[in-house]
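Dear colleague,

Please read the notes alongside the coordinates.

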Amino acid sequence: MDTIQVTLPDGSKQEVPRGTTPAEIARKISQGLAREALVARVDGELIDLSRPLDENASLRILTSKDPEALQVFRHSAAHLLAAAVLELFPDVKLGVGPPIDYGFFYEFLREQPFTPEDLERMEKKMHELAARDLPNERKLVPKAEAIELYKTWDQRFKCELVQEKAVEPMVSFYTTGKFIDFCRGPHIPSTGRIRAFKLMNVAGAYWKGQEGNPQMQRVYGACFFTQPELDEYLHRLEEAKRRDHRRLGPELDLFSIQEEAGPGLIFWHPKGGLVRKLMEDWLRDELLRRGYQLVFTPHIMRLDLWKTSGHTNFYRENMFGAIEVENADYQLKPMNCPGHILIYKSRMRSYRDLPVRLAELGTVYRYERSGVLHGLLRVRGFTQDDAHIFCMPSQIEAEVEACVDFAFAVMKTFGFSRYQVELSEWDGALPENYAGSREDWERATQALSSTLERMHIPFKRMVGEAAFYGPKIDVKLIDAIGRPWQLTTVQFDFNLPGRFGLEYVGEDGSRHQPLMVHRALWGSVERFFGILIEHYAGAFPLWLAPVQVAVLPVSNKFSDYAKIVTSELRAAGFRAMLDDRNEKLQAKIRDSELQKIPYMAVVGGKEAEARTVSVRHHGKGDLGPQPLAAFLAALRTEVDARSVS
């Protein structure tokens, strides 16, 4: 009999007849594995369990214990959705249906918008089809026949996809009940395993993401291996809604976006402005302590400057249009770096001057499409905590290490203890998308990776994610509910020093070109503020809270003592608010809780007589009476320590 050799993950080898499927091998290994099997990995490629093996190969059977099987599982759930929608709405036109981070989506073209009731019907139909345990079967059809098939079904988008993407004579299709889809696969064997899912919402999306194309209805679903995993995800989603800075910002009177002024432009209200001042004061003090020099550069500069920098070639679509002033074109700055470069160039530098660390809280303007604007996190005008370091090659790794250390200090100070680090590299197969030579990129990438390795920091390489002018280190913090947020960027740049002819006089008396590092810790003040709001759910730690103590007299009879307490708090440097409204105490406490004020000092007759305050803490409740002096001392200790507990 014609046989092949299959190598299993434990190194053992099996002789099996040619044409044996992974499903048959799984049954041979154990019935338990056969029941749990979802997909197979053969020589590094994911394939269906029903695909016959024709050559010697290494084989791994994947189950729900293997995270990489989850994307295949979710892709099959997308097909289940499409099958359900076709049964309910036979006239829909089908788009694409890929897996995504938390589940899947599928796109449909339909004249009538899908309603919440439609989603409920779709979900119910999906459960019905799942319960029937319909097989996901792969079929190969000649390309011409596939195109004709989709024309017959009046599925123009699928026809378009086959014409564009099918490169082999035979086209791969998958059937799920009555549903047939052009798809490379793989898929799980049948629908019976897909039980833990929920349709979430419908959103509009242009076909292929291109404006001017038909607008599809994209139905999103969450999907996990088990119901407890789905329940946990839905709980996190509800928690994220509770923490949403777009809701909390106006509720807490921190910021707003005014339609009269335009989308993506942030108005900082007094409370938000005060938190911003506290953030920036800490950062400026820390910058000076770490050897940075503070600078300020104009918001608008000549367009020629951005031609020299290369931004008009590589970044044009994200820049606002030019502004003509006295027959010359000017540009709102999308970056701070050219301004810092001009400051560096303002005089000749010696090797003794290096490194030069220039820092600025500089406001920049970028044309973000309206569809991607998102509260404080994606805006059109924002302030970067920007810095540029000009140094010699011998100094570069020490400077990068100092930047990463600074990033960790920021996270610790503002209450973040978990993080992920990524090293974004160029894609050497597409050199036309980047400035600089292959040697430049390899040297720069090595400098960043060796620094992280020396600091014993685990990191993930991200090929093709670098900016056009150099590789970068990205630090992503993990917030209170486990979400990653892009924070610090440390960006190597060997491009701009050459474009602007930067020099320094070396120890040998000759002129040399410095290296340059771009460094942003928060990314932007706006973005980091939005992250802080969501991390703390609006309940800032005492040192950052816009109002630290609300003084609440039990009734107006005790307003005089309440005013004394408020005055002493303010004299000691605390941000205190006196609530002497003619309201019941419980109403005042409720309002202070809603405003997430860290402490409440309740005062009545007993407190006035003993010179004490009854202290309440947001989230902890009644802490009991305390002497006023002791309360002030405890507040001072907490603020000075910048406690985030």
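**What was found**

In this predicted model, Gln 14 lies in strand E2, which covers residues 13-17. Gln 14 has a relative accessible area of 18%, and because this is under 20%, Gln 14 counts as buried. Leaving aside residues up to four places away in sequence, Gln 14 touches Ile 4, Gln 5, Val 6, Leu 8, Ile 25, Lys 28 and Ile 29.

Arg 511, by contrast, is exposed, with a relative accessible area of 56%, and is found in strand E28 (residues 511-512). With residues up to four places away in sequence again left out, Arg 511 touches Met 348, Glu 503, Tyr 504 and Val 505, and its side chain makes a polar contact with the side chain of Glu 503 at 3.2 Å. Val 463 is 48 residues from Arg 511 in sequence, and the two C-alpha atoms are 34 Å apart in space.

A search of the whole structure finds two cavities of 30 Å³ or more. The largest cavity has a volume of about 100 Å³, and its lining, which includes Leu 252, Lys 271, Phe 540 and Pro 598, divides into eight nonpolar, two polar and two charged residues.

The second largest cavity holds about 40 Å³ of space and is lined by Arg 284, Leu 287, Leu 294, Val 295, Phe 296, Ala 359, Glu 360 and Leu 361. Helix H9 (270-289) and strand E21 (356-365) are the elements that each give two or more residues to that lining, with E21 supplying the largest share, three residues. Six of the residues lining the second largest cavity are nonpolar, none are polar and two are charged.

With best regards

Conventions:
Residues are numbered from 1 along each chain as its sequence is written. This is a predicted model: local features need pLDDT of at least 70, side-chain atom pairs count only at pLDDT 80 or more; totals for chains, interfaces and linings use all residues. Side-chain values use heavy atoms; hydrogens and water are left out. Helices (H or I, at least four residues) and strands (E, at least two) are DSSP runs, numbered from the N terminus. Buried means under 20% relative accessible area, exposed over 50%, partly exposed in between (1.4 Å probe, protein chains only). Contact means heavy atoms within 4.5 Å. A polar contact is a pair of N or O atoms within 3.5 Å; within protein, one must be able to donate a hydrogen and the other to accept it, and residues adjacent in sequence count only if both atoms are side-chain atoms. On a 1 Å grid over the protein atoms alone, a cavity is a set of points where a 1.4 Å probe fits but cannot get out, and a pocket is an open set with protein on both sides within 12 Å along at least five of seven lines; lining residues have an atom within 4 Å of a point. Grid points are joined across faces, edges and corners, and a volume is the space filled by probe spheres set on the points. Ala, Val, Leu, Ile, Met, Phe, Trp, Tyr, Cys and Pro count as nonpolar, Asp, Glu, Lys and Arg as charged, and the others, Gly among them, as polar.
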